[in-house]
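Colleague: Please take one stretch of backbone and look at it closely. Then set it against the rest of the fold.

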Amino acid sequence: MAKEEQEKTASDVGQSNALKLDFEVSIFDLYKHYFQVRLLVQTDQSEMTFCLPSWTPGSYMIRDYATHLHKLEVKNVKTGEPVSWEMVDLHRWKLKNLPSEFEISYIIYAFEDFTVRTNYLETEFGFINPPALFLYPEGKLETQAAVRFQVSQFFPFVYSSLARSEEDSHLFFAENFDELFDSPFHLSKQNSVFFTAGTTKHELLVEGDVNFDFKTKLALDLKRITETQIDWMMDSPNPYYLFVLNLSLPAYGGLEHRASSINYFNPDLISDEEEYKRLLELLSHEYFHLWNIKRIRPIALGPFDYQKPNLTRELWIAEGFTSFYDAYFLYHSGFLTKEEYLSKLQSDILALEDNEADSWMSLEESSFTAWTKYYKRNGNSHNITVSYYTKGGVIALCMNLFLLKESKERKTIRHVFQQLNEVFVKTKNRGFTKQEFFDTVKDVTGVDLKTEFNDYLENPKPIPVDHYLDIIGIQRIQSDPAGETGFKTKEKNGNLYIQKLQHKTDIGSFDLMLDDEILAINGKRATPTALQKLEKNLHPGEKFHLILSRAGKIKESMITASGYFKTRKFVIAEDSSDDRKELREFFLRNIV
């Protein structure tokens, strides 16, 4: 759909005479899930290397997108003769003896996985994650590019946040490859809806079999959330923003972009009130990235090297603060009651405490090793890997509460982010270092957050959450001690198997392995309900006996139950001091 605020003609994009790039994207085979890409190149160079990115910013794992590139050919446009080339590594193609005008063509398989970071093509829609589709000239990421779609016979609409031609709604322009790679395309048969928040025109595309009433309701709800965030930042950086929500298949996830976000959610859940709020939280999270990471960012996260990891220890800021504020914005937009919001905080805190990864990994290590640990999970990851989303959100909460207490003028992270936006985005046009982040906090609030929290960033240790919640008169209640087995099971064909092992320091190691089949519990034949009965009456430190089948061999194991509290919750302490009540009211009534 044409967007008046950003329309351009081809003459508006002043292409360099030295290098001109025009992409054409078509559908090679809809039913076999193949896109075809043709890249017309005009150049004065005799030799060039073209690359395909190996990862997508915002999704920190090497994904080797070249796996899905096939049938690459290069030819002289004027003569039709083939141009010589060689593949010099897994993501790079070197072209030699180049004519002034040549064409590269290739096929991309687009059915690897249904995610926000992979290409996907089927009969109802097509999705293009640009780093997984478009080659770029090595060393020339600053080059402008045009992208034309020849897909009208299948999909009448192509949605993207890129500027597009006034004459051809399927022709888009990118000022450089960083902009192209940060601007996904969604091919659809669906119409969109619009709303305005701040000075930004927002477009919402909902893919899937939903009625128009749902789309208009969601647009109105998003208007409230986006207005809350724009007011919080006192900034409306985009003339246009695109929400894509795909409700075609059961999935969950989102990925932020500079002027858009791609979001997937299970269509079977949208009529459930609680699940709908979870959808709003996802959309709130990705929209706040419009500032936090796409503009206000750790210095390592841009400019990008699309061939290797861009490592940073500050994802606890980029993702952690976003994870705290996504629900906080919902609360202040009127979608969560006070009780629901406090329950959300409780869930995050307890999720962090449900394993002992805090003693294995620091927040900064969690960020730095995201490429190899957080995104490449295995059967033991939950025991040793800290989530910079969850723990980052908890430390963001604690930092805000500490600032409320220590800042005489009630300065909070809100004012810090506004200052980061003014200094590092609008003035210096670069990311910030960890020290510059804490220096900004001190300049704005007068509070030294680094001295207070750095130990919890650099070292693997739990955050004393109760201490910080006490600032606003919220306390923990724990009761009903009980025992837990230390493992989770799955049922298969009526039999019981070990699915997950939980390491606890209050008990020793035990001889259990993933996929062990449980044959008997305390001398009785194991059934799915037998384990539930055991757990119902289990006490901390109590021993129970298992007979197992492992790789065809029968084994016995004696397990000691670990301890936990059946009742765990955080409640408002009604007998709080006046200063705690005042801070609590400020936190809940004023958006910090």
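Modeller: Strands here are DSSP runs of E with at least two residues, helices are H or I runs with at least four, and both are numbered from the N terminus. The model is predicted. My stretch is the loop between strand 23 (495–501) and strand 24 (517–521), where Asp 515 lies. Asp 515 is not a glycine, yet its phi is positive, near 75°. Its relative accessibility is 48%; exposed would need over 50%, so Asp 515 counts as partly exposed.

Asp 480, however, sits in strand 21 (residues 474–484). At 43% relative accessibility, it too is partly exposed.

Now the flanks of the loop. Leu 501 and Ile 521 belong to a second, separate core of 19 residues. Phe 487 and Ala 530 are also among its members. Leu 501 falls within the range of strand 23, and Ile 521 within that of strand 24.

The largest nonpolar core has 150 residues. Phe 185, Tyr 341 and Phe 587 have the most contacts inside it. Helix 4 gives the largest share, twelve residues. Phe 587 touches Phe 324, Tyr 328 and His 332, among others. Other partners of Phe 587 include Tyr 341, Leu 397 and Ile 472.

A cis peptide bond joins Gly 302 to Pro 303, with omega about -5°.

Terms used: Residues numbered from 1 in each chain as written. Predicted model: local features only at pLDDT ≥ 70, side-chain atom pairs only at ≥ 80, totals over all residues. Heavy atoms only, no water. Buried < 20%, exposed > 50% of the residue type's maximum accessible area, 1.4 Å probe, protein only. Core = buried A, V, L, I, M, F, W, Y, C linked by side-chain atoms within 4.5 Å. Contact = heavy atoms within 4.5 Å. Lists of a residue's contacts leave out its neighbours within four places in sequence.
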